[in-house]
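Q: I have a new structure on my screen and would like to learn how to read it. Could you take me through some of its features, one by one?

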Amino acid sequence: MSNTDIDLATLRNHIDDIDSQLVELLARRASVTQKVGELKSKTGMPIYAPDREADLIRRRRAQAEEKGVPPALVEDLLRRIMRDSYQTQHNAYKCTHPQAGKIVIVGGHGALGSVFVDMFTRSGYEVAVLEQEDWPHSASILEGAGLVIVAVPIKYTVEVIEKLSGLPENCILADITSTKQAPLDAMLSAHQGPVVGLHPMFGPDVQSLVKQVVVVCDGRHSDAYQWLIEQMRVWGVALQHSSAKEHDDAMAFIQVMRHFSSFVYGVHLAGENPDLQQLIAFSSPIYRLELAMVGRLFAQDPQLYADIIYNNPDTFALLKRFRDRFDNALHLLESGNKGEFIKQFFAVGNWFGDYAKACLVNSKKLLLKADDDRHV
């Protein structure tokens, strides 16, 4: 064995020792964060403290700079570690309103409904589930309810709400449907007590609700359900308030147009039938991510996405305008009008403004992570 081989083996042993120490430090940190979570659950402090997180990142980046370590590397490591630490704190949460009464989740055995069953249970509330087969006994299940959340598929939401007309006067009626105007109108009509529309902008596969967005559409007697808003803050939820119309208008772009575009792209790929594995192998990280977003759609419940896309006929006009702009762009290509293409490119870039530059920076971080698990 040459001296070079001996030196390399020695250095690798040093690296192994340091890596082992890193694992030990992570274990120690996890033990501390678990205690932090226990303290937060007792005091009702939110799991996610954005100011604390931002300050921690700022100080560690400055320390990295002094030590000659890339600050971006340290930030990436810390964000990944903190994301895991939120999980270690995801055991129990303070109950913000112990006198709330029974929490009834209509459709609580469903994918998203079960998330809320779990969160309220972890927070110490009495939780009951009302499913379709339970309707003959619904009166007893709903008796004494302080909060009823409708968590059924979109196409059944209004129908189910209309069956809830006999709720206790002070009971809060809420829904977690991805459209808001129709369910909110139905709840206001069916129940004279407190009403609020909620839209969780996440799927049932989330590991915790830290930094997850929930849109809140006020209905009636908002003071009565402030404890529910506070409970979600304790869970770490990022709350966004909106009118039902503003919400539905935004979802036409955020959900309907994106899902429909991905659906068409997937249909086109399947129709052309290229070698999918070859496409993946030839793709750089950005193209793999884009392909992954399309593939992700087709790994999920088609009924859910059909309901989202078909539920609001008002979005059909938006999709037709999208088709018209696609046709116009295709016409530019066919006519060879590269100058007009570049002109429109600049115009759209100006519309995005500084956000486009931020996306360029942030996407670079995502692309580096996308390659971490790739084996060539």
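Predicted model: local features only at pLDDT ≥ 70, side-chain atom pairs only at ≥ 80, totals over all residues.

Q: Which residues line the largest cavity?

A: To read a lining, look for the residues that have an atom within 4 Å of a point of the space. For the largest cavity these are Ser178, Thr179, Asp248, Met251, Ala252, Gln255, Val256, Ile308, Asn312 and Thr315. Helix α9 provides the largest share, five residues. By class, the lining has four nonpolar residues, five polar and one charged.

Q: Now a pocket. What is the volume of the second largest pocket, and how many residues line it?

A: A pocket, unlike a cavity, is an open set of points. The second largest pocket has a volume of about 1,700 Å³. Its lining has 29 residues, and Glu290, Phe345, Val348, Gly349 and Phe352 lie nearest the centre. Two or more lining residues come from each of α11 (285-297), α13 (315-335), α14 (338-352) and α15 (354-370). Helix α14 gives the most, ten residues. Sorted by class, the lining of this pocket holds 18 nonpolar, eight polar and three charged residues.

Q: Let's turn to the sheet. In what order do the strands lie?

A: Strands of a sheet pair through backbone hydrogen bonds, either parallel or antiparallel. In this structure seven strands make an open sheet, and reading across gives β2-β1-β3-β4-β5-β6-β7, with mixed pairing. At the edges are β2 (127-130) and β7 (238-241), each of which pairs on one side only. From one strand to the next, the twist averages 25 degrees.

Q: Could we zoom in on one pair? In which sense do β5 and β6 pair?

A: Strand β5 (residues 195-200) pairs with strand β6 (residues 213-220) in the antiparallel sense, over six bridges. As a landmark, find His199, which stands opposite Val215 in β6.

Q: How should I read two helices packed together, for instance α6 and α7? At what angle do their axes cross?

A: Angles under 35 degrees count as roughly parallel. The axes of α6 (residues 154-162) and α7 come within 9 Å and cross at roughly 10 degrees, so these helices are roughly parallel to each other. Thr157, Val158, Ile161 and Glu162 of α6 meet Ala182, Pro183, Ala186, Met187 and Ala190 of α7. Seven of these contact residues are nonpolar, one is polar and one is charged.

Q: And α9 with α11: at what angle do those axes cross?

A: Angles of 65 to 115 degrees count as roughly perpendicular. The axes of α9 (residues 244-272) and α11 come within 9 Å and cross at roughly 95 degrees, which means that α9 is roughly perpendicular to α11. On the α9 side you will find His259, Ser262, Phe263, Tyr265, Gly266 and Leu269, meeting Leu291, Val294 and Leu297 in α11. This contact has six nonpolar, three polar and no charged residues.

How values were computed. Residues numbered from 1 in each chain as written. Heavy atoms only, no water. 1 Å grid on protein atoms, 1.4 Å probe; cavity = no way out; pocket = protein on both sides within 12 Å on 5 of 7 lines; lining within 4 Å. Points joined across faces, edges and corners; volume = space filled by probe spheres on them. Helix = DSSP H or I, 4+ residues; strand = E, 2+ residues; numbered from the N terminus. Nonpolar A, V, L, I, M, F, W, Y, C, P; charged D, E, K, R; others polar. Axes fitted to C-alpha atoms, helices over the stretch in contact; angles between N-to-C directions. Parallel < 35°, antiparallel > 145°, perpendicular 65-115°, else oblique. Contact = heavy atoms within 4.5 Å. Pairing = 2+ DSSP bridges.
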